[in-house]
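Please keep the sequence and the 3D view at hand while reading.

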Amino acid sequence: MAKLSTLAKTVRSKNAGVDKITFDVIFRDRETYERVKQSGAITRASVARLYRIPETRISDFVAFDPACAIKFTIYRDRPSGSPGDTDIFGAQQYAPLLDIEVPLK
Amino acid sequence: MSKRTLRFLCPNGHLGFAPIQTESFYLGVATNPDVILADSGSDDIGPGPLGADTSTSPRAWQAHDLEHMLLASRKLGVPMIIGSAGDTGTNSRVDLYVGMIREIAARHHLASFKLGYFYSEVPKESLRRNMEGGETIEGLDGRPALTPQELEATDRIVAMAGIHPYTELLDRGADVIIGGRGSDCVIFAGPAIRAGYPEALSYYLGKVLECASFNAEPYAGKETVIGEISMEDVQLTAMHPAQRCTVASVAGHAMYERSNPFFEYVLGGMLDMRQCRYEQVDEKTTRVTGPVFVPARDLRVKLEGAGKVGERYVGIAGVRDPYTVANIDRVIGWARQQVRARLGDSGYELYYHVYGKNGVMGDLEPLKDAPGHELGIVVYGIAPEAALAEEVCMMGTRQMFYARLPEVKGTAGGVAFPLDEVMRASPAYRWTVNHTMRVRDPLELFPLHLVDVGMPAAARRG
């Protein structure tokens, strides 16, 4: 097992338009990327569980081979910057991903 | 086509938000680019600037970048293009930048040039007429179609231009263009398509160059990158001595701040990046081939709109008692109940962000049941009138002090106040419009203007 924070080069979140936040997990090399992808630790279901949201709140979930990246996008519970929003840029929503335990064969 | 390639210099991904770093800019200028351009807009900044018709960027930083870019563009005799002027691309922001260009030109006694500009605001009245005529203003990102009520709640709307105002103004002879709101990539795609390069590569160039050095590594903002388009490929080269455009950084940027890394939508079509191939050409340059452009059957323009929710006050409190930390929801519940008892259930909004528990992530926080040893609470009171917003915020903040927790040891005040006051913040707005509307002509929402700026040759000699 290894924490995602030790395997990924970049883990980030950011607005994708005003109604969504997108998450990028980018790996330094193709081998690590493929191992994490195959591990099943980061899936639509696992991130839904981690953020305690229904899978229907995840609009996109893709493996993006050219960038060695796993990327997913969620609908916000309110548009960015609206009253009650805590993160106008959506820039600090990725932290729980850092602690995902990835089983490595 | 007179040249085999066209080279685009981009120094900044959001002109004005932070000043450009001039070292890499002038290294780029020294390579004689064919166009100098930057986008200046973003909806990341929240709905406030659009709703209130202000900039989030300081005027001095906007002027700084415009001055460097204008002087370089006039010296090289190449076009300068700015998109989404002043953060929001509203009419007042276009006028602001047009005024700055005139002022900079006068101060430097620049030779006469043609300044093109266009507006992007959509009057509510014309949208209302369209809706009454049976046109559906379709929602994006899961939103329902626009209703008359939501339109009524909106203060200001801008439409996202495609390449069309840019190509048209260039056709009319513009040397410098200040754009209203538009898609980031179109300021690049416009001149490239006009020069005869393939649409797919032209839009792709814009897609990966619009944030300047965010497509390079190591991470650094506001540094210049050169994008070069040919009939076969796009090549990105970092100008900062320590930065490189790598396969990883360029591909990584293609997915930046988009829900999906494969598709980019603009007025007139969609860029399909599923078949893109990335190759390292030299240490600082990456080459991309393979994007596909799919023209749209219907012309649908994206609309952004913001509406005022109310005046806003902010209060701050801290908690250190572990029992109070563990029962913070009850403390807030007490304060909310006191506000309701005095002011009723509606006519205002009251929010608590509890830092140390879930102040950053709200309901998405997995660790909200494991708070820190101290909490910081930010209280927001919002109401149509400032006096009511202040009272909501003051009562919502101060009543935490009097929260009735049965087992609490401290009976001289339930929270710590760093300030015994609440502070007036900017009014609260919300995004009311994130929709698309059908248009017949891609120019119909974007009135064009062309004026002469600078000194005629005779006057300069005199």
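Strand 4 of chain B and strand 7 of chain B run parallel and are joined by three bridges, and within this pairing B:G116 has B:I177 of strand 7 of chain B as its bridge partner. The model in which these pairings are seen is a predicted one. Strand 4 of chain B also pairs with strand 19 of chain B, but here the two strands run antiparallel and six bridges join them; one bridge partner pair in this second pairing is B:K114 with B:D452 of strand 19 of chain B. Strand 4 of chain B is mostly covered, with five of its six residues buried.

**The ten-stranded sheet of chain B**

These strands belong to an open sheet of 10 strands in chain B, whose order is 12-13-9-8-1-2-3-7-4-19 and whose pairing is mixed. At the edges stand strand 12 (277-282) and strand 19 (448-453) of chain B, each of which pairs on one side only. From one strand to the next, the twist averages 25 degrees. Helix 7 (residues 164-171) of chain B packs on this sheet, where it touches strand 3 (80-87), strand 4 (113-118), strand 7 (176-178) and strand 19 of chain B, and its direction makes about 40 degrees with that of strand 19 of chain B.

Helix 10 (residues 247-254) of chain B lies across strand 9 (234-238), strand 12 and strand 13 of chain B, and it runs at about 145 degrees to strand 12 of chain B.

Is helix 10 of chain B mostly covered or mostly uncovered? The helix is mostly covered, since seven of its eight residues are buried, namely B:A248, B:S249, B:V250, B:A251, B:G252, B:H253 and B:A254. These buried residues pack against helix 9 (199-209), strand 9, strand 12 and strand 13 of chain B, and also against strand 3 and strand 5 of chain A.

Strand 11 (residues 269-272) of chain B pairs with strand 14 of chain B in the antiparallel sense over four bridges, and B:L271 stands opposite B:F293 in strand 14 of chain B.

The largest nonpolar core has 150 residues, and those that touch the most other members are B:F8, B:L37, B:I101, B:Y204, B:L205 and B:V225. Leaving aside residues up to four places away in sequence, B:L205 touches B:F8, B:F188, B:A189, B:A192, B:G227, B:I229 and B:V234.

Strand 3 of chain A is mostly covered, with eight of its eight residues buried. A:K20, A:T22, A:D24 and A:I26 point one way from the strand, whereas A:I21, A:F23, A:V25 and A:F27 point the other way.

| Strands paired | Sense and bridges | Example of a facing pair |
|---|---|---|
| Strand 3 and strand 5 of chain A | antiparallel, seven bridges | A:I21 and A:I74 |

In the hairpin of strand 2 and strand 3 of chain A, four residues lie between the strands, and A:G17 takes a positive phi near 75 degrees.

How many residues of chain A are in contact with chain B? There are 38, and they meet 36 residues of chain B. Strand 2 (8-15), strand 3 (20-27), helix 3 (44-51), strand 4 (58-64) and strand 5 (69-75) of chain A each supply at least two residues of this side of chain A. By class, the side of chain A that touches chain B has 17 nonpolar, 12 polar and nine charged residues.

The mean pLDDT of chain A is 96, and 100% of its residues reach 70 or more. Among the elements of chain A, the lowest mean pLDDT (95) belongs to strand 2 of chain A, and the highest (98) to helix 4 (residues 95-98) of chain A.

Key: Residues numbered from 1 in each chain as written. Chains lettered and ligands numbered in written order. Predicted model: local features only at pLDDT ≥ 70, side-chain atom pairs only at ≥ 80, totals over all residues. Core = buried A, V, L, I, M, F, W, Y, C linked by C-beta atoms within 7 Å. Buried ≥ 20, exposed ≤ 12 C-beta atoms within 10 Å, placed from the backbone. Contact = placed C-beta atoms within 7 Å. Nonpolar A, V, L, I, M, F, W, Y, C, P; charged D, E, K, R; others polar. Pairing = 2+ DSSP bridges. Axes fitted to C-alpha atoms, helices over the stretch in contact; angles between N-to-C directions. pLDDT = per-residue confidence, 0-100.
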